[in-house]
Amino acid sequence: MGQGSGVMGQKSADIRLSVAIDIFAYADGTQALGGITLEVRKGEFIGILGSNGSGKTTLLKIMDGLMKDYQGRVLLDGADVRKLSPKQIYQKVGLVFQNPDDQLFAPTVFEDVAFGPLNMGFGEDEVSRRVTSALNAVDMDGFAGKSIHNLSFGQKKRICIAGLLAMGHEILLLDEPTAGLDPMGEYKMMGLLTRLNREQGVTIVMATHSVDLVPLFLNALYILSRGRIVRGGPPAEVFTAPEDMAQVKLRLPHIAELIYRLKNEDGMNFEKVPLTIGEARREIIKAMKDSHA
């Protein structure tokens with residue numbers, strides 16, 4: 001399957017990130033990424049799906065300008081990130097690490113979220129306004145005076161996101177944002193990211209290995225395997241047969257796996273393999289009505 005590019009029919013001016021990495025190797029010569037080509041357009045919610053060790057974190061760090069020793073180029077709004085200053089990059093794009101404790105350092109929530117805007121030179125009133133707005137955006141209003149150490153793991157992840165929003169980031173890169181959360185925490189985090197994307201227009205690139213969450217929220221999905229993008233496009237096109245997914249050390253979403261086997265092993269008449277419970281319910285009801293017609 002060819003590589004997709006998310007929302008179709010948009011002008012090239014809408015491309016926020018354009019990635020073309022020929023080779024990236026670690027200091028010992030081990031090649032981590034190669035042949036990577038993808039575009040992220042304004043307002044998209046993009047997923048990069050891969051098993052552990054597939055190169056997801058490395059790719060995000062390159063997109064954020066943290067790693068620069070690669071062959072190829074990464075363009076941020078048409079400008080080569082390697083030629084931009086850190087300030088020029090973080091005014092637009094920021095990376096949320098998998099472990100929030102690697103990112104949070106201030107004693108209180110307010111101080112941590114305010115750190116970026118202060119270093120950007122904003123005055124006290126503007127910093128306070130930005131902090132309040134960012135905390136509200138991640139459903140953490142009322143937590144400004146709280147100690148970072150007293151927050152739950154999921155709350156810490158939200159504060160990391162707020163810190164980037166307070167700097168005015170229009171593009172968020174998230175490394176395994178649901179890692180370490182319980183199922184309800186996962187769903188709440190994805191709901192938060194979806195609201196930021198759909199209601200505030202934040203462009204999001206999320207790296208994850210969580211197959212079951214992916215179909216619910218994304219415009220486009222790229223599968224990364226051994227440092228290469230092996231498939232890309234809308235989730236419904238990317239998720240095909242279980243055997244294809246197994247080759248890249250992944251699986252179909254559970255609901256898709258069930259319907260696939262009912263169709264191919266039990267002969268039930270499904271027009272498509274659904275990826276969500278709602279879609280599966282509609283397909284099952286239709287198949288049952290057809291069988292009794």
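Biologist: Which residue in E2 is the bridge partner of Ala-25?
Modeller: In this predicted model, Ala-25 has Gln-31 of E2 as its bridge partner.

Biologist: Over how many bridges do E1 and E2 pair?
Modeller: Strand E1, residues 15–25, pairs with E2 over nine bridges, in the antiparallel sense.

Biologist: And in what order do the strands of the sheet run?
Modeller: The order is E2-E1-E4-E5. These four strands make an open sheet with antiparallel pairing.

Biologist: Which strands stand at the edges?
Modeller: Strand E2 (31–41) and strand E5 (79–80) do. Each has a single partner strand, so one side of each is left without a neighbour in the sheet.

Biologist: Changing topic: where is Val-238 placed?
Modeller: Val-238 belongs to helix H8, which covers residues 235–238.

Biologist: Is Val-238 buried or exposed?
Modeller: Val-238 is buried, because its relative accessible area is 0%, and buried means under 20%.

Biologist: How far apart are Val-238 and Tyr-222?
Modeller: Their C-alpha atoms are 7.9 Å apart in space, and the two residues are 16 apart in sequence.

Biologist: What about cavities: how many of 30 Å³ or more does a search of the whole structure find?
Modeller: The search finds one. The largest cavity holds about 30 Å³ of space.

Biologist: Which residues line the largest cavity?
Modeller: The lining consists of Val-96, Phe-97, Lys-157, Ile-161, Leu-174, Pro-177 and Met-189.

Biologist: And how does that lining divide by class?
Modeller: The lining of the largest cavity has six nonpolar residues and one charged residue, with no polar ones. Lys-157 is the charged residue.

Terms used. Residues are numbered from 1 along each chain as its sequence is written. This is a predicted model: local features need pLDDT of at least 70, side-chain atom pairs count only at pLDDT 80 or more; totals for chains, interfaces and linings use all residues. Side-chain values use heavy atoms; hydrogens and water are left out. Two strands pair if DSSP finds at least two bridges between them. Helices (H or I, at least four residues) and strands (E, at least two) are DSSP runs, numbered from the N terminus. Buried means under 20% relative accessible area, exposed over 50%, partly exposed in between (1.4 Å probe, protein chains only). On a 1 Å grid over the protein atoms alone, a cavity is a set of points where a 1.4 Å probe fits but cannot get out, and a pocket is an open set with protein on both sides within 12 Å along at least five of seven lines; lining residues have an atom within 4 Å of a point. Grid points are joined across faces, edges and corners, and a volume is the space filled by probe spheres set on the points.
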